[in-house]
Amino acid sequence: MKKLLLGFVLTALAAIPPVWADEPIVVHLKNHKFSPSVIKVKANKPSMIILFNDDGSADEFDSSSLKIERVVPGHAKANIRIRALAPGKYPFMGEFNASTAQGVVIAE
Amino acid sequence: MISSLIIVFREVIEAGLIVGIVLAATTGVPGRARAVAGGVLAGVLGACLVAAFAGEIANLFQGSGQELFNAAILLLAVAMLTWHNVWMASHGREMARELKAAGHQVKTGERTLTALSVVVGVAVLREGSEVVLFLYGIAAQGGTTAAAMVTGGGLGLAAGGVISALMYFGLLTIPAGKLFQVTSGLITLLAAGMAAQAVIYLQNGGWLEFFTGTVWDTGWLVQDDSITGRLLHTLIGYSQAPNGAQLIAYGATIVMIVILMRMVNAPRQKHGHA
């Protein structure tokens with residue numbers, strides 16, 4: 001009986017949708033440019049960016065408005081969590097190549 | 001060259017300010033040069049290791065290893081700063097007396113050196129690993145940029161050293177009797193800012209997902225990205241749009257340090273030989 005109850009609870013928990021209800025957004029960094037560089041997310045809902053650094057050198061996904069600083073080594077990927085955002089524009093950059101690596105998250 | 005200079009300078013500001021404050025907080029303590037230099041050296045070695053294993057660290061804890069690592073070393077620094085301040089609360093007056101006495105040898109201070117050495121090491125490690133990755137990236141692109149990178153990087157480091165020196169000599173203008181009170185105050189704010197930053201890392205790693213809403217926004221006054229914003233961020237933990245959990249961590253750290261300092265200080269005062 002206990003096992004059945006435990007099984008039921010686990011099934012119920014598994015059925016609860018994850019925090020990132022929508023699919024993670026895949027972004028590539030290549031030749032020190034983000035693509036896509038404009039990323040739309042739903043306002044007031046957490047989301048996730050999966051960033052693939054296709055360059056050979058490391059870069060840092062940096063955004064003061066998103067409060068994120070995340071080093072991504074060359075040829076590596078990073079899961080970047082975006083908190084629930086109020087509607088607006090949140091610029092980000094690849095700090096090590098800021099002249100080309102620029103992008104913006106738009107929450108709407 | 002300019003980009004190397006700017007990035008390296010930006011990263012060494014924080015470590016530079018912390019080294020300046022630590023040097024002032026250990027004025028007159030024998031062996032402090034060795035402790036600070038040891039902290040810097042350990043920090044640089046650690047930074048190279050962290051840079052070399054950046055990918056491996058990031059992949060730990062379902063991809064949140066980097067955030068957890070940053071939060072952990074920040075909290076270690078908070079613990080060390082707290083320890084230093086609590087220790088100073090019971091020995092600060094003694095140290096100030098020694099500092100004012102002839103010879104300026106503050107033997108009492110030797111016991112808190114280890115804690116501050118760790119703080120210096122952590123500050124250098126955090127900022128240094130990014131500098132290493134950045135410079136390595138430029139070096140890997142090779143060619144003519146390498147010489148410019150070395151020049152830019154060197155100038156950036158020198159500028160960080162100047163920040164350290166300004167902070168240190170600025171603090172030294174404070175009279176000996178008050179110096180340790182001021183450095184304790186600065187260290188309390190430093191610790192609170194680090195605790196708030198640790199909360200951000202934990203939030204980004206997927207932990208502590210509550211009170212994440214922005215409480216106020218002072219971006220119209222000082223932007224996080226500006227030099228002023230960065231200086232204030234290091235010194236007092238300034239954040240242009242802090243969220244609830246960040247503010248709670250900030251306030252709780254100050255309250256904790258002040259209470260602990262009062263607790264160790266109180267019994268001595270009652271017996272009248274503080």
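Two strands are said to pair if DSSP finds at least two bridges between them. Helices (H or I, at least four residues) and strands (E, at least two) are DSSP runs, numbered from the N terminus. This is a predicted model, in which local features need pLDDT of at least 70, side-chain atom pairs count only at pLDDT 80 or more, and totals for chains, interfaces and linings use all residues. Residues are numbered from 1 along each chain as its sequence is written, while chains are lettered from A and ligands numbered from 1 in the order in which they are written.

**The sheet of chain A**

- Strand E1 (residues 25–30) and strand E4 (residues 47–53) of chain A pair in the parallel sense over 5 bridges.
- Ile25(A) stands opposite Ile49(A) in E4(A).
- In chain A, 4 strands form an open sheet with mixed pairing, in the order E2-E1-E4-E7.
- Strand E2 (33–35) and strand E7 (77–82) of chain A are at the edges with a single partner strand each, so one side of each is left without a neighbour in the sheet.

**Helix packing in chain B**

- Helix H4 (residues 65–100) of chain B packs against H5(B) at an angle of about 155°, their axes being 9 Å apart; axes are lines fitted to C-alpha atoms, for helices over the stretch in contact, and angles run from 0 to 180 degrees between N-to-C directions.
- H4(B) is therefore roughly antiparallel to H5(B), where angles under 35 degrees count as roughly parallel, over 145 as roughly antiparallel, 65 to 115 as roughly perpendicular and the rest as oblique.
- The residues of the contact of H4(B) with H5(B) comprise 12 nonpolar, 2 polar and 1 charged; Ala, Val, Leu, Ile, Met, Phe, Trp, Tyr, Cys and Pro count as nonpolar, Asp, Glu, Lys and Arg as charged, and the others, Gly among them, as polar.
- The axes of helix H1 (residues 2–25) of chain B and H5(B) cross at roughly 170° and come within 10 Å, which makes H1(B) roughly antiparallel to H5(B).
- The contact of H1(B) with H5(B) has 17 nonpolar, 1 polar and 4 charged residues.

**The contact between the chains**

- The contact draws 17 residues from chain A and 18 residues from chain B, two residues being in contact if their C-beta atoms, placed from the backbone, lie within 7 Å.
- On the side of chain B that touches chain A, helix H3 (54–63), helix H5 (113–141) and helix H7 (176–204) of chain B each supply at least two residues.
- H5(B) gives the largest share of that side, 5 residues.
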